[in-house]
Amino acid sequence: IDNFTTVLRRALSGTFYPVLQQAIGFGSAFEGWTAREEEVVYQVLVPLTPPLGHTFHLERDTDQQKPGRNFRVRVELECRCPREYQGMNMLCFQHHPDVIRRRTRQPNLLDTLCTDSYLDVKKTVHWFCTLVGASWQRLPQSRSWHLGLLPSKRSCNLRLTNGQESFQVKVLFGVQRHTSDIFISSRHRGAHTPSTMWPESYAVAETKFFRHMARQAPQDSSHLKCLQLLARALTRKDFSIHSIKTIVMRLLHTVPVSQWHRRHFLLQLSDTLEQLRLSLEEKHLEHFIVGNQRLPEEIRLPPDVQRAKPPNLFYGLAQDPAAHSQAMQAYLDL
């Protein structure tokens, strides 16, 4: 993906499309475990920054009917009038957009990837996928790998095959919140996520936590084996994998790392299942990142995320008795 973004940045030079930053790997494939026994899926997030003459403003969605914390990215043309840039002979994007269009022969970002002045996820994904398809032959990997584009509206899904093996890459897009490890991202949230809605994502912070624990834990630590075993079993039960991941993260945060030796594997597996049972019975499981003020220093959170009340990941089970009964049966089936 870094090869892709380098080639695409070169192709986009002189345009007013979002600037592609270095891709960040996140999720199970980058944490050392997988819930799938078949084809591996690598998830990466490509941060976007505003092009020359544009600014991004993140606006929190206050609609309490929508789950989670959601944002919109308002795009504005930047004022570059002489009083703002003393001594520089520059045209103002805000006050002379038509002149800049004529001189550069390039549309601004509001003309291309926005809907009502807000950055549009679906337009952004379609733009990136089109660029990838047009640029693939410029990469050396194209000589030995075949690229396929899989249908998706909120991510660019790629399948790479070479006759002997294959894997998928799921590319999401995001805007970084301040200088933190929290991004608003293009991932979907529910079946009818509006195209200008960017849900807040904690996936990069979670992956950094697993990497931190990998440095602290014993070399033969069993925490990833425990997570992978339960995740694969729960996948067959249509159960939330993120809930079991959250429980393992909480145990890693509280149980001394010395107790994660391989010889304690059955004990840790039993503890994880017990925590899952208690959480299901109480219909309550707090988010691990949001509101956590005891994370390792290297994991950076915006102040409002650090101070926020952790959402209950099992809120839906508390509201839906049938779903709660189904989740309890899935647990008992383990």
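Predicted model: local features only at pLDDT ≥ 70, side-chain atom pairs only at ≥ 80, totals over all residues.

Visitor: Why is Ser222 called buried?

Guide: Its relative accessible area is 2%, and buried means under 20%, so Ser222 gets the label. Ser222 sits in the loop between α6 (203-216) and α7 (223-235).

Visitor: What does Ser222 touch, leaving out residues up to four places away in sequence?

Guide: Trp260, His261, Arg262, Phe265 and Gln268. A contact there means heavy atoms within 4.5 Å.

Visitor: What makes α1 roughly perpendicular to α5?

Guide: Helix α1 (residues 2-11) and helix α5 (residues 121-135) pack at an angle of about 95°. The roughly perpendicular class runs from 65 to 115 degrees, so α1 and α5 fall into that class. Their axes are 11 Å apart.

Visitor: Which residues meet where α1 packs on α5?

Guide: From α1 come Phe4, Val7 and Leu8, and from α5 come Phe128, Leu131, Val132 and Ser135. By class, that contact has 6 nonpolar, 1 polar and no charged residues.

Visitor: Which residues touch the most other members of the largest nonpolar core?

Guide: Phe209, Phe239, Leu252, Leu276, Leu280, Ile289 and Leu301, out of 41 residues. The largest share of this core, 6 residues, comes from α8. Domain 1 (1-201) and domain 2 (217-333) each give this core at least three residues.

Visitor: And how many residues are in the second, separate core?

Guide: That one has 37 residues, including Phe4, Leu12, Val132 and Phe173.

Key
Residues numbered from 1 in each chain as written. Heavy atoms only, no water. Helix = DSSP H or I, 4+ residues; strand = E, 2+ residues; numbered from the N terminus. Buried < 20%, exposed > 50% of the residue type's maximum accessible area, 1.4 Å probe, protein only. Core = buried A, V, L, I, M, F, W, Y, C linked by side-chain atoms within 4.5 Å. Domains from an automatic or database assignment. Axes fitted to C-alpha atoms, helices over the stretch in contact; angles between N-to-C directions. Parallel < 35°, antiparallel > 145°, perpendicular 65-115°, else oblique. Nonpolar A, V, L, I, M, F, W, Y, C, P; charged D, E, K, R; others polar.
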